Structure formats: C-alpha cells, structure tokens
Protein chains: 2
Amino acid sequence: MKCRKCGGKASVNMRQHKLALCKKHYLEWMPEQTERFIKKYEMFTREEKILVAVSGGKDSLALWDILARLGYQADGLYIGLGIDGVSPSGEEFGYSSESQHLTQKFADERGLTLHIVDVEKEYGQPIPVLADITHRGKGRPCSVCGLAKRHVMNRIARDLGYAVLATGHNLDDEAAVLFGNTLNWLGEYLLRQGPVLPESPGLARKVKPLCRFYEREMAAYALLRGIEYIYEECPFAKGSKTIYYKELLNQLETECPGAKLTFYLKFLEVRKQGLFVEQDNAQAHLKPCPNCGQPTSAPGLCSFCRLMERAMDISA
Amino acid sequence: MKCRKCGGKASVNMRQHKLALCKKHYLEWMPEQTERFIKKYEMFTREEKILVAVSGGKDSLALWDILARLGYQADGLYIGLGIDGVSPSGEEFGYSSESQHLTQKFADERGLTLHIVDVEKEYGQPIPVLADITHRGKGRPCSVCGLAKRHVMNRIARDLGYAVLATGHNLDDEAAVLFGNTLNWLGEYLLRQGPVLPESPGLARKVKPLCRFYEREMAAYALLRGIEYIYEECPFAKGSKTIYYKELLNQLETECPGAKLTFYLKFLEVRKQGLFVEQDNAQAHLKPCPNCGQPTSAPGLCSFCRLMERAMDISA
C-alpha cells in the first residue's frame, strides 16, 4: 500500500474511505478532517473557550492534541471517578489513578491547562461506592457515573465560563448508541443525538468533533503521534450493551466496509431533511435545580442532587 | 418444559414470549394469534375474497392453512418462476418444479382453489433468463423476480376480483427488511413498511398476517401440522444481504430474546405515534401504465412492461 499523497509506504489504510496514507500525511489528514467537521457542523470558533473532557483514553487525548494543534483555546477537564480497587475475581486495578497520571503527564508535557475534579473529595464517595449505596443501575455504576460526569462537566463549564464542552466520542461510539436507540426506537434520543447539542440557559454547547472517525483511525492517530494513553477499558464497561452493539457493527463493517459511517451519516442527513417530527422544545420545561442551579425537568432537585441526598442519608 | 395450557409435555418453547405449549395447544394458539393480528391491523373480514401468494415454502402454505382453518375465503396463487436447471457448480436443482408440485398437492388434498401463472408460458422466458438477457440486478435475478411477482400478483388480484393479497412474510423477514432500511435510513421505505398496505385505485390491499411470528414458530407450525413444504431456499437467495441481516438479528436475538420482535413492534408503534413526517401521498402521482393498466409513477410504461419490452427487443 502506498500513501496517496507522497507515494511513500502507507502506515494507515482506510478501506471505508479507499484511502491509504503514510505517517506524516496521516498526522496532517486527521486535524484537517477535524477542522472540516468543526466548520461543517458549526461546532465552535477560535474565539470561543472550549473545555475538553479528558479521560486518559486515546480518543479524548487525541481530541485535545488535535484542537491544540489547530490553535483552538482548549483546556482539559479530568474527572477522578475513583475506579480503583480489587475486582471480585481478586484482580487489582487502578483505572482512575493510571488514567489521571497519563492525563496529567500529557498536559504537563505540552503546557496545557488541566482542571481536575475528584468525585470522592468533592462529593464524599468514589463512583462505585455511590452506585453501590444508592442501589442505582442494577449492579453497574455506569448510570451513576454518566450522571455524575454530566453534572461535573456542566458545572465546571458554567463556573469557569467555557462556551463549549467537547467530548472524544468517535464514530464507533456514536454508531453504537444510534444502533441501540434504533433497535428500541427511542424517539426522544433519536431526535437529540448528533455532533452538536446547542447551548441552552445554564448549559454549555456540547460537541463531538471526532464523531466521523472510526475507532481504529483514532487508535492509529494516538499511536503515530506517540500519545501515551490508558489501553484498558473501564473495568465496569465489560459486558455492556454498547460493547455488544459495537461488536455487531464491526461484523457488519467487515462484511460491508463503510456501513457504520453510512448508518450514522445517513441518519444525520434524513433527520436534517425532516424525516422525523421534531418534538416541542424540551428545554422550555426546564427550571434550575434549587440546590445546584443546573437546569432540570424534575419538579424538585435535579437527578444528581437527589442521588447525592440519598447517598448522604444512607451514609448518615 | 410443560405446556402452559394443559401441563402436558411441551412441543414448542417460545423464550421470547415466555410460553411453552404442547402440539395440540400450539396448533390452536397459532390461528388464535393470527386472528388477533388480522383484527388488530384491520387486515380483512370474512366477507372479503383473499388471494394468498403461495411459494411452496413453510410460511405461505402455513398461512393458507391457517386462513382456511379460520374460515376465511382464501384462494392460492402460485407463480411458476422457472427456477430449475443446473447451477454453475454442476448441481441440478428443481426449485420451481418441486415447489409447484408441493403447492398443488397441498391444495388438492384440502380442496382449495389454486391459480397458477407460469412466467415462461405467459411472458416468453423464465425469470433467470429474463434477468440474464436484460442485465438487470448485477448477476442475481432477485430484482427481476420481485418485479415480476408483484406485477403478476396485482394482475391476478385485479382480474379475478380479489380485495386482498396476503403474503407469508414472517417476523424474521420483516425485521431483516426493516434492519436494511434502517441501516441505510431509506425514509420512503420506512414510511411504507408494515402489516397492511392499503388498497389504491387499481391495486388490491396487501397484508402480512404472519408478520409477528418468528420464523422458527412458523417452521414448528408447518412441522406439527404435517404440511409438506420445500425446505430449500431459492438457490439465488444464497449470500443475499437479507440473509446476512437475518443472521445478525439472530445473533442479537440469542443475546437478548425478544429483540427482533421489539425492533419491529416498537417501530410500528413510534410510527403510529407520529415519529416520522408522513410524505405527500405518493399514490397521487400514479397513473395507469398504457400497456398493462397497472398504476405506475413512471411517465411511460411501468417498470415491468419496460422490462418485457427490452427482453423482447433483445430476443427478436
């Protein structure tokens, strides 16, 4: 395989794009494409302050790297979830400590600004314990984790004046979520999923600049750029529906290269063309949570503050 | 496993319905359910004449059997496609002759009325030759076959005064088609797929009374009822996208029993609730084909008559 740009030895072959590139041109192609997607979906401008949610994984670190290379004002936010300990089978894992270490190192080496929020320090307990004591999520802390991350991201963006929250979701992530929402025809989620969720009173705009890159393209970028990232998935993600959907979509992709991208892009296209009946703006019904001030559709406290209240009642 | 109705030994265990039944009760359950679906989707009444498209396979013969048992006025239509011959690998196959024989035998043994249309006799060439000489469908006769079957079914229903055309599509068929249409977000097809396609000027209503039964439920019914049917798939169906989608959905079903049914039923539900923007009635733009009189959106001849014209030009 030869690089299409220079004819040299290709490092990355993208069957779905019928494109092969050498290391140098791949590392140029990726930010160029990202810039194209940022413009196409009107994600943000160079005048806006962007908060990148970084987990220490390849996607979020690569996103931060690309945005910095492109000259955007992108700071990082690392949320310490406290996912460290001993698994039921006796294996020790240090998912959070390892990912925080790599994120900090990444920021230090590049002179980038990183905000760190430690869930245990700020909210009393690490995520697995919060999930455990509140009995939310059927034995998995994933729903509590998602709720806490959203809450913290929104809070930091608001308190520190960031206009935009950027996450490292790649095409495989987005296609898997879309697949799940489609298999169950969850209309409300279908109407909201996309590269940009516009800002609303009290909430920063949310964007996914990597949503059109395959996971393996992101892995190739991180590798070729020499980014040190945490290889392991979160130990609690094992056996999740999303991972199963990713496997099914990978099978489909092997059979029909490009199927994953078509599934996601055609969805965005038909929605834009008006296939779906858009619902009343759900934001109209939001009001600030009396405790944290974040918008909520609940009549009293928001879901996160209710969870924290319950956790404290139980601990007390 | 015990039969839920009588406590005897169960013959069929339906995980997705959490229901096991003995032979006797299974053979009662199936027509009861079919009757329920016919009513629920307002497919037809006992006063209407129904034409059942029978292929000699388990689904269409079981459908005809069930409708006859329920006391509906259901006659059969068998279309001789001429899929007989020698495969490229030298194997002899008699798909059409065998399926016609079994269909005729089924009708004779039960005293049911069967109409037979032989494509070669009426249109000059069997389906594989028609596909071959007109170069339609990339080496597969499936698109020509579908076109010809729709044309013949519509013609016979109109000429012989049938109000309703019933086909034996089961849940696996419907879910696979929906899956393909969803992976590619084919909006127009998504808006039309369903248990009932209403009648329009010149076209009988089309119904799929088995659309909520799993394929294995249909196979169990045919087996327990002692229906002789052709086991082989059409030799041209091998390697088709639809079969591939069925395999993926079967994997999903094994992982999450009921997933296939949920996918199909939730789709019907959200569409009924108005998730999709319904397009202008496409029927408004239909006009009769100047040759055969069937409604078409083409400016001149309908697709079928154009195909036949091309086939005759080439043969001449």
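In this predicted model, Y26(B) is in contact with V12(B), M14(B), L21(B), E217(B), M218(B), A220(B), Y221(B) and L224(B), leaving aside its neighbours within four places in sequence. Y26(B) is also among the residues with the most contacts inside the largest nonpolar core, which has 139 residues.

**Nonpolar core**
- Besides Y26(B), the residues with the most contacts inside the largest core are Y26(A), W185(A), W64(B) and W185(B).
- In soluble globular proteins, nonpolar side chains tend to be buried together.

**Aromatic rings**
- Over all chains, the whole structure holds 31 aromatic pairs.
- In one of them, the ring centres of F263(A) and W185(B) are 6.1 Å apart and the planes are at 15°, so the pair counts as stacked.
- This pair joins two chains, because F263(A) lies in helix α11 (residues 259–272) of chain A and W185(B) in the loop between α7 (171–183) and α8 (187–192) of chain B.
- Both F263(A) and W185(B) are buried.
- K49(A) lies over the face of Y162(A), 4.4 Å from the ring centre.
- In chain B, K49(B) lies over the face of Y162(B), at 4.5 Å from the ring centre.

**Contact between the chains**
- Chain A and chain B each contribute 25 residues to the contact.
- About 2400 Å² is buried between chain B and chain A, and carbon and sulfur atoms give 74% of this area.
- On the chain B side, W185(B), Y244(B) and L275(B) lose the most area to chain A, together 30% of what that side buries.
- Between chain B and chain A there are 0 salt bridges.

Conventions: Residues numbered from 1 in each chain as written. Chains lettered and ligands numbered in written order. Predicted model: local features only at pLDDT ≥ 70, side-chain atom pairs only at ≥ 80, totals over all residues. Heavy atoms only, no water. Core = buried A, V, L, I, M, F, W, Y, C linked by side-chain atoms within 4.5 Å. Buried < 20%, exposed > 50% of the residue type's maximum accessible area, 1.4 Å probe, protein only. Contact = heavy atoms within 4.5 Å. Phe/Tyr/Trp six-rings, centres within 6.5 Å; stacked < 30°, edge-to-face > 60°. Helix = DSSP H or I, 4+ residues; strand = E, 2+ residues; numbered from the N terminus. Lys NZ or Arg CZ within 6 Å of the ring centre and 35° of its normal. Buried area = accessible area lost by both parts, 1.4 Å probe. Salt bridge = Lys/Arg side-chain N within 4 Å of Asp/Glu carboxyl O.
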